[in-house]
Every structure is written in structure tokens, then in C-alpha cells.
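My notes follow the order in which I looked.

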Amino acid sequence: GDEKKEEEDDDDSSEDWPLVINFLKEALKFIDECMDDSRTLLIHDDDGGSFATAYLVIWLCTRKKVRVADALEHVGKIRREAKVSRGVAKGMKKFQQSLDTMKLKRLEKRLRNSDV
């Protein structure tokens with residue numbers, strides 16, 4: 001993983017993740033529409049809050065089944081300025097854990113229902 005993608009500032013960014021979640025559905029729908037229409041998608045944040053990067057990373061995780069660390073690294077290679085705040089990074093870590101838990105539950109259910 002590329003931990004350097006976290007901003008190195010002293011700002012309290014603990015409220016960033018709830019704000020990301022607040023607009024997540026709309027942001028993912030917008031990215032889906034851009035991808036469906038083969039439109040170019042410009043990722044930028046006017047305030048440096050790292051929200052656009054977070055939305056793209058979450059889109060990659062949920063639509064392309066990429067892990068958070070790999071998605072952050074991929075986005076960082078395309079756009080060096082792409083970063084996430086500490087608050088968003090913490091939220092994304094919990095998000096990845098939730099994805100992992102859901103995946104394990106689905107696998108356990110499939111194993112229970114299999115003939116093996």
C-alpha cells in the first residue's frame with residue numbers, strides 16, 4: 001500500500017469521512033454515468049479535501065473489485081496530486097474491512113450451501 005497518499009498536514013480531518021459518505025451515492029452514480037457514456041472524468045478537489053480521490057477509489061473498490069491500497073496507488077500514478085486526508089484514510093480502512101467482512105460472509109454462505 002502507499003501510505004504516502006495521506007496528507008501530511010496537522011488539520012483535524014476527522015469530519016471528512018462522514019462528508020464523503022453523505023454524497024457517496026450521488027458521486028458513484030455520476031462516475032457510473034461517465035463510464036457508461038465513455039466520457040472523460042476529471043478528478044480534482046478545489047479545497048484539497050480529498051473527496052474526489054476518495055470517490056474514485058471507492059468506485060474502483062466497489063465496481064472493479066480493487067482493494068483500497070491498490071486503488072489509491074493506481075490513482076496516485078495517474079494524478080500525483082491525488083491524496084486523501086487522514087480522516088478519509090481512516091474511513092477507507094474501515095470501508096475495506098467492511099468489504100472484506102461482507103466477502104467472507106458470502107463465501108461462508110456459499111460453502112454452507114455447497115455439496116462439498
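The entries below go from the whole chain to single residues.

**Ground rules**

I am working with a predicted model, in which local features need pLDDT of at least 70, side-chain atom pairs count only at pLDDT 80 or more, and totals for chains, interfaces and linings use all residues. Residues are numbered from 1 along each chain as its sequence is written, and side-chain values use heavy atoms, with hydrogens and water left out.

**Entry 1: whole chain**

I looked up the secondary structure first. The chain has five helices and zero strands. Its pattern along the sequence reads α-α-α-α-α. Helices (H or I, at least four residues) and strands (E, at least two) are DSSP runs, numbered from the N terminus.

Next I took the surface. The accessible surface of the chain is about 8400 Å², and 50% of it belongs to carbon and sulfur atoms. The areas come from the Shrake-Rupley method with a 1.4 Å probe; for residues, only the protein chains shown count as cover.

Then I checked burial. The chain has 116 residues, of which 34% count as buried. I use buried for under 20% relative accessible area, exposed for over 50%, and partly exposed for in between (1.4 Å probe, protein chains only).

I also looked up contacts (heavy atoms within 4.5 Å). Among contacts in the chain with a separation of 6 or more, 73% join residues 24 or more positions apart.

**Entry 2: salt bridges**

How many salt bridges does the structure hold? I find four. The criterion is a side-chain nitrogen of Lys or Arg within 4 Å of a carboxyl oxygen of Asp or Glu. I noted these among them.

Arg63 pairs with Asp32, with the closest N and O atoms 2.8 Å apart. Arg63 sits in helix α3 (residues 51–63) and Asp32 in helix α2 (residues 24–36), so this pair ties together parts that are 31 residues apart in sequence. Arg63 is partly exposed, at a relative accessible area of 36%.

Asp100 meets Arg67 at 2.9 Å, N to O. Asp100 lies in helix α5 and Arg67 in the loop between α3 and α4, so the pair ties together parts that are 33 residues apart in sequence. Asp100 is partly exposed, with a relative accessible area of 27%. Arg67 is also partly exposed, at 42%.

Asp37 and Arg39 form a salt bridge at 3.9 Å, N to O. Asp37 counts as exposed at 52% relative accessibility, while Arg39 counts as partly exposed at 40%.

**Entry 3: positive patch**

Which residues form the positive surface patch? I list Lys65, Lys103, Arg106 and Arg110. Patches are made of residues with over 30% relative accessible area and no salt bridge; like charges are joined within 9 Å, nonpolar side chains (Val, Leu, Ile, Met, Phe, Trp, Tyr) within 5 Å. Lys and Arg count as positive and Asp and Glu as negative; His and the chain ends are not counted. Each charge is placed at NZ of Lys, CZ of Arg, CG of Asp or CD of Glu.

I placed Arg110 in helix α5 (residues 86–112). Arg110 is exposed, at a relative accessible area of 60%.

**Entry 4: positive phi**

I checked the backbone angles. Most residues other than glycine have a negative phi. Lys65 has a positive phi near 60° and is not a glycine. Lys65 lies in the loop between α3 and α4 and counts as exposed at 67% relative accessibility.

Ser38 also has a positive phi, about 55°, without being a glycine. Ser38 is in the loop between α2 and α3. Ser38 is exposed, with a relative accessible area of 66%.

**Entry 5: buried residues**

Is Ile31 buried or exposed? Ile31 is buried, at a relative accessible area of 4%. Ile31 lies in helix α2. Not counting residues up to four places away in sequence, Ile31 touches Leu41, Tyr55, Leu56 and Trp59.

Gln96, in helix α5, is buried with a relative accessible area of 11%. Gln96 touches Arg67 and Val68, not counting residues up to four places away in sequence.

Asp16 is in helix α1 (residues 16–22) and counts as buried at 16% relative accessibility. Asp16 and Arg86 are 70 residues apart in sequence, and 8.6 Å apart in space, C-alpha to C-alpha.
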